[in-house]
Amino acid sequence: MISLEGVTYSYMPGINALDHIDLNIGAGELVAIVGENGAGKTTLVKHINGLLKPSEGRVTVCGLDSKAVTVASLARKVGLVFQNPDHQLFAETIEKELSFALVNFGLPPDEIKRRTEWAISEFELSQYAGRSPFMLSGGERKRLALASVLCYGPEVLILDEPTTGQDNRQKVRMASLLHKLNQQGKTVLVVTHDMEFVSDYIPRVVVMSHGRVIADGQSGDVLVRRDILERASLVPPQLAEISWELGLDPPSIRLDDVVARLAKLIGGAKA
Amino acid sequence: MVTRLAIIEVESLSYTYAESTQPSLIDINFKADSGEFIVISGPSGCGKTTFCRTINGLIPNSYGGKFSGRVVVDGLVTTERPVFELAQRVGLVFQNPENELFCTTVEREVAFGPENLALPREEIIMRVDEALDIVGISHLRDKSPDELSGGEQQKVAIAALLTMKPKVLVLDEPTANLDPMSAKSVLNVLVDLNSVGVTILLVEHRLEMVSHLADRCVIFDSGKIVLDGAPQNVLYSDTAANLGIGVPKAVLVAKALRQRPELERWMPLTPRDLLKLLRGDLR
C-alpha cells in the first residue's frame with residue numbers, strides 16, 4: 001500500500017531530514033511512527049500524502065508514484081488529521097465541516113447527507129448539530145477533525161498525535177475506532193509520543209531518529225529495547241520499565257503477561 | 001509535626017456558566033494547605049478546568065454565570081477582590097502557551113506583570129532575573145517566544161506568573177501538548193517551586209507521570225469531587241477503577257497480585273516501589 005525506497009529529503013542543503021528511508025506498509029496495517037522532536041516523522045508523513053516529493057528515491061502510495069501525481073489526487077486516498085484541530089477546522093457549522101470535502105469531490109447530495117449523518121452519530125456529535133465547531137471542547141474538536149477526514153473515505157489514514165489532551169476513556173474509544181477502521185481494510189498510521197497508547201493498542205512500531213528508521217517491528221519486541229528507546233529519546237512504556245526494574249527476561253509490555261510471571265516468581269520464592 | 005495553614009478554602013461552591021443550563025460544579029468543598037502539591041484529574045468535562053478558573057477569581061469575576069458558595073485564597077474572598085489583586089496570590093497556567101504569550105522577547109513577557117503593578121525598576125529587574133533563574137530559562141531572555149519549543153514557551157508562561165510572587169500555582173494540563181522530555185522538565189520545575197513553598201494544583205490525565213510527585217489526588221466526576229486523599233488511597237480505590245481514569249500500570253500490576261493476603265496492604269505507585277516491596281517479599 002505504501003512503499004518508500006531509499007527516500008532522502010532535505011529542506012536545507014547538507015542536512016537530510018530523511019536519510020535513505022526504506023519502509024513498506026501493507027494494506028490494512030496499523031502502524032505507529034515514533035521518535036524525538038525533529039526525528040523526521042512529519043517529513044515522512046508529508047511524503048506519504050504527496051505534500052513533499054523525495055530529493056532521492058521513490059515513494060509509492062496505492063500504486064501511484066508520488067512524483068507522477070498531483071497532491072490533490074493523492075489527498076483522496078490519503079487522509080491526514082492534524083494534531084491541533086484548530087489548524088484544520090474552519091466551517092460555520094459541524095455539518096458544513098463534515099461535508100466540505102464531499103462537496104468538493106462532487107458527490108451527489110444524498111450520499112453527502114448519508115455520510116455526514118453517519119459521522120455525526122459515529123462520533124456522538126448530534127447534540128451539537130447546527131452549531132459552530134468552535135463551540136466544542138478540545139477533545140470534541142479533535143473527534144470532529146477526524147470525522148471530517150473519514151467522511152470522504154481515504155484508503156490511508158494518518159493521525160498526528162491523536163491522543164493529546166484526551167482522557168483515558170477517549171483513548172480507549174480512539175483505539176477501538178482505529179481497530180475498526182483497520183478491520184474495514186484501511187491502512188492507519190499514527191504519529192505519536194504516547195508510548196502507553198502504542199504499547200497498549202498498536203501492533204507495529206517504526207522508530208525514527210535523525211532522519212533514519214532505527215527500528216521497525218512488533219511493538220512488543222521494539223518497545224522493550226532500552227538502546228533503541230534511549231537513542232530516540234522516548235519514554236519507555238510503563239510495563240517495559242516494570243519488566244526491567246524487576247528483571248523479567250524477556251521484558252514484556254502486556255499486563256497479563258507481567259502479572260502472571262510475577263505471580264510465579266513470588267509463588268516460587270515462597271515455596 | 002509541622003502545622004500547615006489552609007491557603008485555599010472552597011465552601012459549598014456551585015457554578016453554572018452563563019450560556020448553560022447544567023451546572024459545571026456542584027457543591028464543591030475543598031481545602032488546600034500551604035505548600036501542598038495536589039494533582040487534579042477526572043474524565044473530560046468533569047469540571048476540572050472550571051474549578052481552576054474559580055481559584056483565581058476568573059470565575060465569576062470575568063465569566064459571570066450563576067455562582068454560589070465561597071472561594072477564599074490566602075484570606076481573600078475571590079468575589080470581593082479585583083482580579084489584579086488575586087493574581088498576586090494565584091497564577092494560572094493553561095494547556096496551550098501560544099495563547100498567552102504576546103511580547104517580542106522572553107524578558108518583556110516575563111516583566112509584563114510586575115510592570116503593570118507599577119513596581120520600581122530595580123524590583124522588576126530583580127523579580128525577572130529570579131523568575132528566569134528558578135525556571136531555568138535565563139539563556140532565553142532575549143529570544144522571541146515564537147522561536148521557542150512548546151516546553152520552553154510553557155516555562156516562559158510559568159516564569160511570567162512567578163514575577164507576581166504567587167503563593168499558589170494552578171496548572172491546567174500544562175504538558176498535554178508537549179513531547180515527553182519537555183513535559184518532564186516542566187514537571188521538574190513544578191517540583192522545585194513546590195520545594196520552596198509554592199502550593200501546586202496540577203490538572204493532569206496521565207497519572208503515571210505525576211501521582212508519585214503529589215501529596216494528594218483529587219478526582220472530579222460530573223461536577224463533583226468524588227475522591228480526595230493520598231495518591232495511594234485514591235488510585236487503589238474501586239471508584240478510580242470504575243471511572244476509567246488512567247491508573248498507573250504499576251498499580252494495576254500490584255492490584256492483580258494483591259489477592260494474596262500478605263500483600264493486602266501493599267500500595268506501590270511506580271515501578272521502583274514495586275521492586276522495593278517485591279524484593280522484601282522475595283527475600
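This is a predicted model: local features need pLDDT of at least 70, side-chain atom pairs count only at pLDDT 80 or more; totals for chains, interfaces and linings use all residues.
**A tour of the chain A and chain B interface**

Across the interface of chain B and chain A, the rule finds 3 salt bridges.

Begin with one salt bridge. Select K249(B) and D200(A): these two residues form a salt bridge, with 3.0 Å between the closest N and O atoms. Polar contacts can be shown next; between chain B and chain A there are 8 residue pairs of this kind, both residues being at pLDDT 80 or more.

Now colour chain B by helix. Which elements give two or more residues to the side of chain B that touches chain A? They are α7 (180–195), α10 (238–243), α11 (249–257) and α12 (271–282) of chain B. Select α12(B) among these: its 7 residues are the largest share of that side. By residue type, the side of chain B that touches chain A holds 18 nonpolar, 7 polar and 9 charged residues.

Zoom out to the whole interface. Here 34 residues of chain B contact 33 residues of chain A. About 2,800 Å² is buried between the two chains, and carbon and sulfur atoms give 63% of that area. Select P180(B), K249(B) and P271(B): they supply 21% of the area that chain B buries against chain A, more than any other three residues.

Last, move to chain A and select residues 238–245, helix α10. This helix is mostly covered, with 6 of its 8 residues buried. The buried ones are Q238(A), L239(A), A240(A), I242(A), S243(A) and W244(A). After α10(A) comes G247(A), which has a positive phi, near 70°.

How values were computed. Residues are numbered from 1 along each chain as its sequence is written. Chains are lettered from A and ligands numbered from 1 in the order in which they are written. Side-chain values use heavy atoms; hydrogens and water are left out. Contact means heavy atoms within 4.5 Å. Buried area is the accessible area (1.4 Å probe) that two parts lose on being put together, summed over both. A salt bridge is a side-chain nitrogen of Lys or Arg within 4 Å of a carboxyl oxygen of Asp or Glu. A polar contact is a pair of N or O atoms within 3.5 Å; within protein, one must be able to donate a hydrogen and the other to accept it, and residues adjacent in sequence count only if both atoms are side-chain atoms. Helices (H or I, at least four residues) and strands (E, at least two) are DSSP runs, numbered from the N terminus. Ala, Val, Leu, Ile, Met, Phe, Trp, Tyr, Cys and Pro count as nonpolar, Asp, Glu, Lys and Arg as charged, and the others, Gly among them, as polar. Buried means under 20% relative accessible area, exposed over 50%, partly exposed in between (1.4 Å probe, protein chains only).
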